[in-house]
Amino acid sequence: MRVLLLGVISIMAITVLSCTDDSLSLPGAESTQANDLQSTADLQTSPPAGTNDSGNDTALEPTATLVIVPPNSTTVVSPNPDPTQPATTVSPIVIPDATTPASDGSSYPTKILYLDEVWANIWLCKDSTVESADLTASGTQICSVLTEVVGDNFVINSTGIPNHDFESTPGCCAIEQNQVWTIPLEPELSNAEPVMASERGAVAFTVTGVAIYGPEEGPGGDAVALEYEYFVEDRQAVDLGICGGHAGPGGEYHYHYDSNCMHWHEDSQDIAGYTLDIASSVISKVIGFALDGFPIYSSYEQDQSGNSVEVTSSYRLISGENGYNGIDDYVYVEDLSNLDECNGHFGSTPEIPEGTYHYHSTLTNGDGDLGFPYFPLCYKGTVNEDNYRSTDLGRGVPPPRP
Ligand SMILES: [Zn+2]
Ligand SMILES: [Zn+2]
């Protein structure tokens with residue numbers, strides 16, 4: 001076990017774009033924006049995430065501060081009140097390292113071989129393209145995925161369009177991208193401190209090649225908290241569609257939370273009637289990958305007895321906050337669930353029964369409240385900087401401002 005002094009993570013957000021909006025039902029849309037993150041503590045910030053999200057407007061984002069408090073701490077550290085000042089504080093939290101044996105005595109391997117046969121069929125839209133309808137724009141876009149090995153990396157090329165119908169919402173409208181995701185052929189846990197993922201840009205991608213964005217929407221609020229009406233967004237209209245995502249800058253469709261659409265199968269249900277009903281009896285297969293190459297699973301997995309159990313996050317809203325300030329409004333509480341501050345942990349998965357480090361999408365936290373950060377918030381492995389899109393043609397570069 002290694003002790004990390006994790007404390008406050010300060011993040012410099014940068015440009016913000018957002019969508020307009022209307023909104024509606026489930027996970028909603030939002031706008032995102034690109035940003036840079038910089039941490040003042042041990043949790044490092046990722047290089048400028050190239051892409052950002054969303055919407056329509058842009059604005060300068062204030063510095064955000066993420067506070068991580070040790071589980072048994074009696075004092076909750078307040079977020080840095082002055083965004084212009086460096087964050088302070090922090091209490092140590094204990095994070096298991098890659099070689100920490102499981103409680104049952106087994107050990108967890110730290111590498112995954114994506115060329116192994118078990119991983120060959122996880123990609124959707126790979127062998128045949130899928131035409132998906134944009135329910136906002138009334139048009140259709142093509143879902144297509146191609147994979148190849150380039151040196152020590154596994155490269156996924158996609159159009160960034162899901163294999164299910166979707167809503168662009170006010171960020172309208174999604175257009176096919178030239179997405180290129182690069183992950184190591186053999187993901188390995190880093191010996192360095194966790195690297196912060198983008199707040200509003202791509203932090204991961206799905207098995208259909210669609211971007212998964214950080215938790216914040218364009219103006220800086222928590223996109224999911226907004227969708228569930230924890231606060232009123234008075235800075236810019238933002239909305240998530242029925243699939244927990246929307247179109248952002250450059251027409252890049254992206255998810256903000258796992259609304260079940262990414263588990264959708266064409267023959268089983270009409271997307272228009274889709275609801276947040278991830279069946280607890282269904283054990284998640286891999287749904288995507290974080291930019292460090294470690295797999296992401298949904299919110300249900302098998303426990304050691306073979307039963308399906310919900311996996312929850314370890315973040316909690318700071319008393320009196322509602323998500324309006326994005327990640328600044330949350331605090332990490334180590335024993336709130338069995339997920340770490342990056343929303344991952346070690347354990348067995350359908351593809352790697354012997355166990356590996358992996359991330360989860362989370363719908364709720366250990367209290368049954370919001371599942372912030374919904375997807376990976378930081379990386380335990382090494383991230384290929386090629387993923388911090390610089391963009392070319394529609395990728396990553398915010399669209400011209402109106
Ligand atoms: Zn967004
Ligand atoms: Zn798990």
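Visitor: Where is P373 found?
Guide: P373 sits in the loop between β25 and β26 (378-379). Helices (H or I, at least four residues) and strands (E, at least two) are DSSP runs here, numbered from the N terminus. The peptide bond from F372 to P373 is cis, with omega near 10°.

Visitor: What kind of model is this?
Guide: This is a predicted model, in which local features need pLDDT of at least 70, side-chain atom pairs count only at pLDDT 80 or more, and totals for chains, interfaces and linings use all residues. Residues are numbered from 1 along each chain as its sequence is written, chains are lettered from A and ligands numbered from 1 in written order, and side-chain values use heavy atoms, with hydrogens and water left out.

Visitor: What pLDDT does the protein average?
Guide: The average is 73, and 64% of the residues score at least 70; pLDDT is the predictor's confidence in each residue, from 0 to 100.

Visitor: OK, the metal. Which residues are the protein donors of the zinc ion (ligand 2)?
Guide: E301 (OE), H345 (NE2), H358 (NE2) and H360 (NE2), lying 2.0 to 2.1 Å from the zinc. E301 in strand β20 (residues 300-302) and H360 in strand β25 (residues 356-360) link distant parts of the chain, 59 residues apart. Donors are N, O and S atoms within 2.8 Å of the metal (3.2 Å for Na, K and Ca), and water isn't among the atoms, so sites may look incomplete.

Visitor: What angles are there among the four donor atoms?
Guide: They run from 91 to 133°, and the zinc site is tetrahedral. For four donors, that label asks for all angles between 85 and 135 degrees.

Visitor: Is E301 buried or exposed?
Guide: Buried, and so is H360. Buried means under 20% relative accessible area, exposed over 50%, and partly exposed in between (1.4 Å probe, protein chains only). Of the 402 residues of the protein, 59% count as buried.

Visitor: What does N343 have for phi?
Guide: A positive value of about 75°, although N343 is not a glycine. N343 lies in the loop between β23 (330-333) and β24 (344-347), and is buried at 0% relative accessible area.

Visitor: And what about phi of T169?
Guide: Near 60°, again positive in a residue other than glycine. T169 is in the loop between β11 and β12 and counts as buried at 6% relative accessibility.

Visitor: Switching topic: where does A133 lie?
Guide: A133 lies in strand β8. In a regular strand the side chains alternate between the two faces of the sheet. In β8 (residues 130-134), V130, S132 and D134 make up the covered face, and E131 and A133 the uncovered one. A133 is partly exposed, with a relative accessible area of 22%.

Visitor: Which residue is the bridge partner of A133 in β9?
Guide: T140. Five bridges join β8 to the antiparallel strand β9 (residues 139-143); two strands pair if DSSP finds at least two bridges between them. The hairpin has four residues between the strands, and S138 takes a positive phi near 65° there.

Technical notes:
Tetrahedral: all angles 85-135°; square planar, octahedral: opposite > 155°, others 65-115°.
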